[in-house]
Amino acid sequence: MSLLYTNEQKELIALVKEMAETEIMPFVQELDEKGECPRELFKWAFDMGLHMLEIPEEYGGTGLSYETTAMIFEELAKVDAGYAISLVTTFVALRNVILSGTPEQGKYFADIIAKGNFAAFALTEPSAGSDPASMRGTAVKDGDDYILNAAKTYITNGELCSVIVGFFKTDPAAKHRGISAFIIDRETPGIIIGKHENKMGLRLSNTTDVTFENVRVPASNMVGPEGSGFKLALNALNLSRAFVATLAVGIMQRALDESVKYAKERKQFGKPIIKFQMVQQMLADMAIKIEASRVLVNNTMRMMDSGSLVRKEGSITKTFVSDCAQEVTSNAVQIFGGYGYSKEYPVEKLMRDAKIFQIFEGSNQIQRMTIASELENEYK
Amino acid sequence: MNIVVCVKQVPDTTEIKIDPVKNTLIRQGVPSIMNPFDKNALEEALQLKEEYGGTVTVISMGPQQAKATLRQALSMGADKAHLVTDRAFGGSDTYATSYILAKVIEKLGPFDVILGGKQAIDGDTGQTAPSIAEHLGIARLTHIRSIKIDGNKCIVEREIEEGIEIVEAKLPILCTATKETNKPRYATIKGKIDSLKAEIDDITLADLPNMDTTKIGLKGSPTRVKSTFTPKRQSCCEIFEIVDPRETAKVLFGKLAEAKLL
């Protein structure tokens, strides 16, 4: 642990650790194999309130800071980052409706989530990933309603969600400024949940296609003014980038915990392998990267707590931490040797889980473009 | 419905070390937890409250550190918590402790249901909670599986060696819980935060004027610990040189029965 934790933070971390290690960890290996996580297993997180930690109390949340929420989610990610991301996606969607929508929209969304339900964020399309402005999904005004049509893909919580924040072009001719966001009830006719992705990692997290076929929603479900959807998506991504970085820190810490334990037990040439300099260097480099990552995440969280948009900092954090996570988990497998490559041991899963962090919430290549463009602006 | 739960803070270890001079438990340096069976008792209380309404009060006798255990009870959903603490209570055995706790319960009451764990994992006596019922002159039912309230009586399922015993008793009642009674809940994040800020008051000797002070503390405790030790692990091997397998089986059976292993 590298941060200065308050007594309250320590207590909350200990509580979540106990729950996650007792109630979730025993099932993780089997569920990773199956590529699913039953809804009942989320009961623990919902009962504890982990889906609404940083949501203000007037919306039924706990009103914690982003900083403390991140500490709790790092702990959860040590047990399983896929489990954790199902909850992160939910509260990031809710938070953005609260930030950009009307108080009524925020209340409506919060009431659904508070009962122990998931939310999804439908932005990506098969041909619009890094370039969301090229999306083809449309929202066409029809009286007091909008008719939504789109094929969305890689939607976290697709099958589990009760409510969706979806992005559609209200003005297909316009680029970014043609995108608007809508709150869509999962039960609205015309929503088709597609196949569940058979993913490399984060296999406890549910990821599906979501197709909108002439889905009719009231115009009052539009979040923010018409054409403000892209801005909302960017704000949401700033927030989720910081939070996925937290999960990556959790994955790394677990990798180090497992690696040190193993290196102390595993004997070759008559001594534990932790006594060999080359193993020592790997472990030390892992620890260095984890410490730096955690402090970086913490600083970004504190900046967000003080109201900063962290446009550049969020990208820097996500990119640095996810690149570290790929290296740290790969080295954990290396330290375990042949055993590390086996599914009998926990580290290969961490390596599979870590990879997506370089890809989602904007690939690290896109992040570097963002950082460079922010730099260009700063030095005008 | 008014419910009181007696909880004890215990060292979190099965490897309890014993002070070789004083013959008492060394508590320093060992992390403390709520006695696991008391957690089951608290869970039962919270479930009763959810079903029948009322309040759940938690009491614990011990030093100031025991407030951590009371806070944990509050974080799980208890309404009130009191620490029973006074230098005069120090050194109390199960008789003196149960007498003091009975007096506290009388002061805070009346209660319909008093709950405790079947025993504490440190002392393992299992005497304190049942003795409270004796001091209060009320019925007690130990090792319960469930409680149902029906007007001024309750129907309790008890675990006994032969099976399950179903007993009806008049309220107020004292019950002790086991691991089988329920699965204790986790605190909510909000409950945990609130519990850290909660005020927990001390109940001292001065708050209990009806106390017979000859029955409390080390002097009021009839129990004297003569000696405490860790039994030595011994293993030995006996070889029977019998040719007839029937005879071998017979001898072996006799030996195992003698050692109470059958």
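**View 1. Parallel pairing of strands 6 and 10 in chain B of the predicted model.** In chain B, strand 6 (residues 113-117) and strand 10 (residues 173-177) are joined by 5 bridges and run in the parallel sense. The structure shown here and in the following views is a predicted model. Within this pair, Val113(B) stands opposite Ile173(B), a residue of strand 10 of chain B.

**View 2. The open sheet of chain B.** The sheet comprises 9 strands in the order 9-8-7-10-6-1-4-5-11, and its pairing is mixed. Its edges are formed by strand 9 (163-170) and strand 11 (201-203) of chain B, each of which pairs on one side only. On average, and with direction ignored, neighbouring strands of this sheet are turned by 35° against each other. Helix 3 of chain B, residues 94-108, packs on the sheet. The strands of chain B touched by helix 3 are strand 1 (2-6), strand 4 (55-61), strand 5 (80-84), strand 6 and strand 11. The direction of helix 3 makes about 150° with that of strand 4 of chain B.

**View 3. Packing of helices 4 and 5 in chain A.** Helix 4 (residues 81-100) and helix 5 (residues 103-114) of chain A pack with their axes 8 Å apart, at an angle of about 160°. Because of this angle, helix 4 of chain A is roughly antiparallel to helix 5 of chain A. The crossing of helix 4 of chain A past helix 5 of chain A is left-handed. From helix 4 of chain A, the contact involves Thr90(A), Leu94(A), Val97(A) and Ile98(A). These residues meet Gln105(A), Gly106(A), Phe109(A), Ala110(A) and Ile113(A) of helix 5 of chain A. Of the residues in this contact between helix 4 and helix 5 of chain A, 6 are nonpolar, 3 are polar and none is charged.

**View 4. The contact between chain A and chain B.** Chain A contributes 11 residues to the contact and chain B contributes 8 residues. On the side of chain A that touches chain B, the elements giving two or more residues are helix 1 (7-34) and helix 2 (43-48) of chain A. Helix 1 of chain A gives the most to this side, with 5 residues. The residues on the side of chain A that touches chain B comprise 6 nonpolar, 2 polar and 3 charged.

**View 5. The annotated C-terminal span of chain A.** Residues 227-374 of chain A carry the UniProt annotation "domain: Acyl-CoA dehydrogenase/oxidase C-terminal", which comes from an unreviewed entry. This span of chain A is 76% helix and 3% strand. The end C-alpha atoms of residues 227-374 of chain A lie 23 Å apart.

Key
Residues numbered from 1 in each chain as written. Chains lettered and ligands numbered in written order. Predicted model: local features only at pLDDT ≥ 70, side-chain atom pairs only at ≥ 80, totals over all residues. UniProt positions renumbered as here; feature names shortened; annotations may be inferred. Helix = DSSP H or I, 4+ residues; strand = E, 2+ residues; numbered from the N terminus. Axes fitted to C-alpha atoms, helices over the stretch in contact; angles between N-to-C directions. Parallel < 35°, antiparallel > 145°, perpendicular 65-115°, else oblique. Left-handed = near helix turned anticlockwise from the far one by under 90°. Contact = placed C-beta atoms within 7 Å. Nonpolar A, V, L, I, M, F, W, Y, C, P; charged D, E, K, R; others polar. Pairing = 2+ DSSP bridges.
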